[in-house]
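Here is a briefing on one protein model. Keep the sequence and the 3D view side by side as you read.

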Amino acid sequence: RWMNEGAGQRPKTQPELEDIAHLLRAGRCRHVIIMAGAGISTASGIPDFRTPGTGLYDNLQKYKIPHPTAIFELNFFLYNPKPFFCLAKELYPGRYKPNVVHFFLKLLDMKGALLRTWTQNIDGLERMAGVPPKKLVEAHGTFSTASCTRCGKVQDAAKVQSVVMEDKIPRCDCIKRGVCKPNIIFFGEDLPLRFYSLQRRDFQACDLLLIMGTSLEVEPFASLVNSVRYNVPRVLFNRELVGPFSERRKRPWDIACAGDITESVWKLVDLIGWTSELELLMKRD
């Protein structure tokens, strides 16, 4: 069908979600990359960051910070870590459960189709759904590790979490008594080395890119969407059109599924014929 018409050539018909389902069902996509943002976790009860009225940035007044993004700014954290740790109590893995989107990622891996999930999320729900750590690039960090902000010593992440849950500030036993910070990437910090070491290799190998629940506003993550080869299908699952999908001139193999992400994922799963398997996977969890 349209995927056989040659790289760089405009397909004779507009590609649809059914075409993606056909490729996955036939096993023709074995290097699928997921680009995931906060929107995939809203169905689990976690607010995203930017939705007006309900997004996290619109509801941080209770932490008494100078501006919403300050809670993730390193300089402000070093000055006053209390607001971040108050928020961390709500975000630490274990409070929320994975939803159908996270289990879909696990199912892709079980089918041998998932190359990697590149996620902006720090909620750990991909891990909880069973996506192997080696199949994850946690671009904005993770709560699963922690370190001292003064001496850099690796900390016991479980102990750090325990102290945070007691409304205390976790501190290192080094002479500088630095604050122990989960390895979440703040504004002003470099992304994990894994982000840079895998970026070129993964996106050049990608044969299907699924962009799910991200605003495509935060760099350098947002630019990854343009890193795949021109003839690789890109499918957006998001509440609204974002990034290149909101522009008039799109790539010929772009598909946009605007609206409820979980509904769109269930639709794709049904078209592939994986519904019963996904339901069983969720039930086992």
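Residues 24 or more positions apart account for 66% of the contacts in the protein with a separation of 6 or more; contact means heavy atoms within 4.5 Å. This is a predicted model, where local features need pLDDT of at least 70, side-chain atom pairs count only at pLDDT 80 or more, and totals for chains, interfaces and linings use all residues. Residues are numbered from 1 along each chain as its sequence is written, and side-chain values use heavy atoms, with hydrogens and water left out.

**Overall build**
- The protein has 9 helices and 9 strands; these are DSSP runs (helices H or I, at least four residues; strands E, at least two), numbered from the N terminus.
- The radius of gyration is 20 Å, close to the 19 Å that the globule rule gives for 285 residues, so the protein is as compact as a globular protein of that length. That radius is taken over C-alpha atoms, and the rule is 2.2 Å times the number of residues to the power 0.38.
- The C-alpha trace spans about 65 × 40 × 35 Å along its principal axes.
- Buried residues make up 52% of the 285. Buried means under 20% relative accessible area, exposed over 50%, and partly exposed in between (1.4 Å probe, protein chains only).

**Nonpolar cores**
- The largest nonpolar core has 37 residues, of which F104, L108, L210, M212 and F237 touch the most other members. Such a core is a set of buried Ala, Val, Leu, Ile, Met, Phe, Trp, Tyr and Cys residues joined through side-chain atoms within 4.5 Å.
- Elements that each supply at least two residues of this core include α1 (17-25), β1 (32-36), α4 (100-110), β7 (208-212) and β8 (234-238).
- Helix α4 gives the most to this core, with 7 residues.
- L210 touches V32, I33, I34, M35, F104, L108, V235 and F237, leaving aside residues up to four places away in sequence.
- Another core, of 27 residues, lies apart from the largest one; I71, A88, L91 and F186 are among its members.

**Backbone features**
- The peptide bond from E219 to P220 is cis, with omega near 5°. P220 sits in the loop between β7 and β8.
- D167 has a positive phi, near 60°, and is a residue other than glycine. Its place is the loop between α6 (157-165) and β6 (180-184). D167 is partly exposed, at 44% relative accessible area.
- R177 also lies in the loop between α6 and β6. Phi of R177 is positive too, near 50°. R177 counts as partly exposed, at 45% relative accessibility.
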